[in-house]
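Dear colleague,

I am handing over the structure below, and after it you will find my notes on what was found. Please read them with the structure open beside you.

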Number of protein chains: 2
Amino acid sequence: MEALKERIRQEGRALPGNIIQVDSFLNHQVDVQFLGRLAEAFAQVYDIRRITKILTAEASGIPLATVCAYRYGVPMVFAKKAKSDNIEGGLYQSEIFSYTYRRKVTLLVSKDWITPKDRVLIVDDFLARGEAMRGLLDIVTQAGAELAGIAVAVEKGFQHGGDKLRQEGYPLCSLAIIDGVDSNGFIFREE
Amino acid sequence: MEALKERIRQEGRALPGNIIQVDSFLNHQVDVQFLGRLAEAFAQVYDIRRITKILTAEASGIPLATVCAYRYGVPMVFAKKAKSDNIEGGLYQSEIFSYTYRRKVTLLVSKDWITPKDRVLIVDDFLARGEAMRGLLDIVTQAGAELAGIAVAVEKGFQHGGDKLRQEGYPLCSLAIIDGVDSNGFIFREE
């Protein structure tokens, strides 16, 4: 999506530790109107009329997931991240390694809110190694729900989590794939 | 707001530890269309044309803040919660006690995204003792920004954080105030 790439070129920063900082519009300050354009771009890829639920993980995936749910007219569910071993019952659980927290965290979703009747679109702001995405996919599988697709704003292609998902046949739409950074700036993968 | 109270009556549960669970529509599964109605209710109380920014704290405040920002046509900023003492510069910081994490956490907002030119509407899903709200107010003050108002979906009146804010003169709009629970269900404060 050219508008997103242009925005990353203008406002993004590459920081040490493979961090791509786009906190002017995506994951700290959030340009919610612009997220509406991203939601429209996903709707050109997936048949949103058949989606019954949006699933994301807290925290920075929530704004984009909320705007998608608002525009598509379906509920949104956000998985909670628990750092405790003391977790109540009635929950789908998937343990992932969080690079943000530098430790294992458990993604939790109540069994009440994803069921075998659901067709789920997973939405997230970033996809890097794919740890969080694996956890969300695991939860969709545990629920016996159907995966409608995966919708990501920015994929860090150089960390290859997205490539592995595509090789395994998952439907994945990333609106901007960054394959690297050089002295001229971000290198985006050709569409 | 009668529609919110009715929804709490129908779907809410009072759990041990003063927890009011409304995770069918507000803070786990999220009825994003219904949040649009809450955003409209806030717009009847505050002059939203003069608001330049919505501020909330991760994670469960983000959906409502996103919908408010989307409808009002302004950016949304969410404060991050850091449990680390290793925090970079360029940030407004406010230390609060988190009853969710049962420890002190630091709310962080980059100085780039709230400035003295801003008129800020603080939005959150819940107000209880008011710890997180004090942190957000502190950040607005540190930024030299103007507070346009505080917009809350559900206030736990029996924990009195909202009452203290009102006594101190803060503009606070809570769409449903729960003063207690008895055998007949939730007791809402009269408007």
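Chain B and chain A bury about 2800 Å² between them, and 60% of that area lies on carbon and sulfur atoms. Within the part that chain B buries against chain A, His28(B), Tyr70(B) and Trp113(B) supply 27%, which is more than any other three residues provide. Please keep in mind throughout that this is a predicted model.

The contact itself draws 33 residues from chain B and 33 residues from chain A.

If you wish to trace the side of chain B that touches chain A, the elements that give two or more residues to it are β3 (29–30), α2 (32–43), α3 (62–72), β5 (76–82) and β7 (103–110) of chain B. The largest share, seven residues, comes from α3(B). Sorted by class, this side of chain B has 17 nonpolar, ten polar and six charged residues.

Strands also pair between the chains: two bridges join β5 of chain A, residues 76–82, to β3(B), and these strands run antiparallel. A place to look is Val77(A), which stands opposite Gln29(B) in β3(B).

How are the two copies related? Chain B can be laid on chain A by a turn of 180° with a shift of 0.0 Å along the axis, giving an RMSD of 0.0 Å, and the copies are therefore related as by a two-fold rotation axis. The same surface serves both copies, since 100% of the contact residues of chain B recur in chain A. Of the residues of chain B, Ala59(B) comes closest to the rotation axis, with its C-alpha at 2.6 Å.

In general, side chains of opposite charge can pair when their charged atoms come close. One salt bridge to look up is that between the side chains of Asp163(A) and Arg166(A), at 3.4 Å from N to O. Both of these residues lie in helix α5 of chain A, residues 161–167, where Asp163(A) and Arg166(A) are three residues apart, about one turn of the helix.

With best regards

Terms used:
Residues are numbered from 1 along each chain as its sequence is written. Chains are lettered from A and ligands numbered from 1 in the order in which they are written. This is a predicted model: local features need pLDDT of at least 70, side-chain atom pairs count only at pLDDT 80 or more; totals for chains, interfaces and linings use all residues. Side-chain values use heavy atoms; hydrogens and water are left out. Contact means heavy atoms within 4.5 Å. Buried area is the accessible area (1.4 Å probe) that two parts lose on being put together, summed over both. Helices (H or I, at least four residues) and strands (E, at least two) are DSSP runs, numbered from the N terminus. Ala, Val, Leu, Ile, Met, Phe, Trp, Tyr, Cys and Pro count as nonpolar, Asp, Glu, Lys and Arg as charged, and the others, Gly among them, as polar. Two strands pair if DSSP finds at least two bridges between them. Copies are superposed by least squares on the C-alpha atoms of residues with pLDDT of at least 70 in both. A salt bridge is a side-chain nitrogen of Lys or Arg within 4 Å of a carboxyl oxygen of Asp or Glu.
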